[in-house]
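Notebook open, structure loaded. I want to look at the core, the sheet and an annotated loop, in that order.

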Amino acid sequence: MDMKIPRATAKRLPMYYRYLSGLHGAKVKRISSSTFADAVQVDSATIRRDLSYFGALGKRGYGYDVDDLLDFFKKILNQDHLTNAALVGLGNLGQALLHFNFHKDSNVRISAAFDIHDNMINTVQSGVPVYDVNDLEKQLSEQQIEVVILTVPTGVAQKICDQAIAGGAKGIMNFTSKRLSAPKNVRVQNVDLTNELQTLIYFIEHYDN
Ligand SMILES: NC(=O)c1ccc[n+]([C@@H]2O[C@H](COP(=O)([O-])OP(=O)(O)OC[C@H]3O[C@@H](n4cnc5c(N)ncnc54)[C@H](O)[C@@H]3O)[C@@H](O)[C@H]2O)c1
């Protein structure tokens with residue numbers, strides 16, 4: 001499905017999906033828009049607007065049909081198939097992500113890891129094979145991995161990014177502080193936990209509930 005939706009809406013969709021999956025697991029068939037809003041902590045007007053980008057889905061006085069909505073989200077979010085991701089840099093942060101490995105509550109899993117250290121190369125860690133980073137391009141291309149998570153030292157981030165793109169990467173989740181340059185068809189998502197924490201502190205200080 002090819003459609004353009006606001007970034008803020010796109011960011012909320014996985015949260016809606018997780019909540020609906022939980023309801024489905026609990027065999028709930030239908031929810032009111034206010035229950036939905038309370039659970040995901042997004043006001044019901046915003047939820048309605050988010051969903052309206054895909055056609056009107058709620059029914060007045062009825063709320064939302066859980067199974068219908070879930071089927072629909074599965075398609076939108078591609079939850080029907082598992083996406084493999086590669087992790088580059090198995091230090092403090094990389095190890096933590098590898099142990100966590102996303103797939104328990106999402107459709108993404110780390111299926112290949114890369115580092116420069118001999119003691120890690122050709123081992124299996126948390127069930128994931130670790131390769132020599134010199135083989136990054138080749139492995140990404142052979143395994144058709146299009147998502148790459150970068151947890152390498154900042155100084156090598158651009159080089160690794162270039163190699164990943166040469167291997168076919170279409171999305172880079174960048175944990176380093178380097179602002180990467182990449183062609184337009186490659187999406188770079190920067191993740192900065194300090195930023196997130198400072199934003200949280202800003203909201204605590206500037207808004208009273
Ligand atoms: N965005 C955030 O919130 C956040 C939080 C913590 C760390 N970081 C960043 O994440 C990165 C990793 O942090 P860390 O604490 O895990 O560092 P670390 O030094 O513990 O780990 C770096 C790993 O990268 C490997 N490495 C080095 N050069 C490499 C190369 N050319 N190819 C492949 N692997 C290589 C090292 O062997 C090591 O295993 C750093 O850039 C750090 O600044 C970001």
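First, my working term: a nonpolar core is a set of buried Ala, Val, Leu, Ile, Met, Phe, Trp, Tyr and Cys residues joined through C-beta atoms within 7 Å. Buried means 20 or more other C-beta atoms within 10 Å of the residue's own, exposed means 12 or fewer, and partly exposed is in between, with C-beta atoms placed from the backbone.

Caveats before I go on. This is a predicted model, so I note that local features need pLDDT of at least 70 and side-chain atom pairs count only at pLDDT 80 or more, while totals for chains, interfaces and linings use all residues. Numbering runs from 1 along each chain as its sequence is written. Average pLDDT (the predictor's per-residue confidence, 0 to 100) is 89, and 93% of the residues score at least 70.

**Core.** I looked up the largest nonpolar core: it has 28 residues, and Ala86, Val88, Phe114, Val148 and Leu150 touch the most other members. I see β3, β4 (108-115), β6 (128-132), α6 (136-143), β7 and α7 each giving at least two residues to this core. Helices (H or I, at least four residues) and strands (E, at least two) are DSSP runs numbered from the N terminus. A second, separate core has twelve residues, including Tyr16, Leu20, Phe36 and Phe73.

**Sheet.** I traced an open sheet of seven strands with mixed pairing, in the order β5-β6-β4-β3-β7-β8-β9. Pairing here takes at least two DSSP bridges between two strands. Strands β7 (residues 147-150) and β8 (residues 171-174) run parallel, joined by four bridges. Val148 has Ile172 as its bridge partner in β8. I also checked contacts (C-beta atoms, placed from the backbone, within 7 Å): beyond four places in sequence, Val148 touches Ala85, Ala86, Val88, Ala164, Ala169 and Ile172.

The UniProt record, an unreviewed entry, puts a "binding site" at Gly89, Leu90, Gly91, Asn92, Leu93 and Gly94. Positions follow the numbering used here, feature names are shortened, and annotations may be inferred rather than shown by experiment. Is Leu90 buried or exposed? I count it as buried because 24 other C-beta atoms lie within 10 Å. Leu90 is in the loop between β3 and α5 (92-100), and outside four places in sequence it contacts Gln95, Leu98, Ala113, Asp115, Met120 and Val130. Asn92 is in helix α5 and counts as exposed, with 8 C-beta neighbours inside 10 Å.

Terms used:
Contact = placed C-beta atoms within 7 Å.
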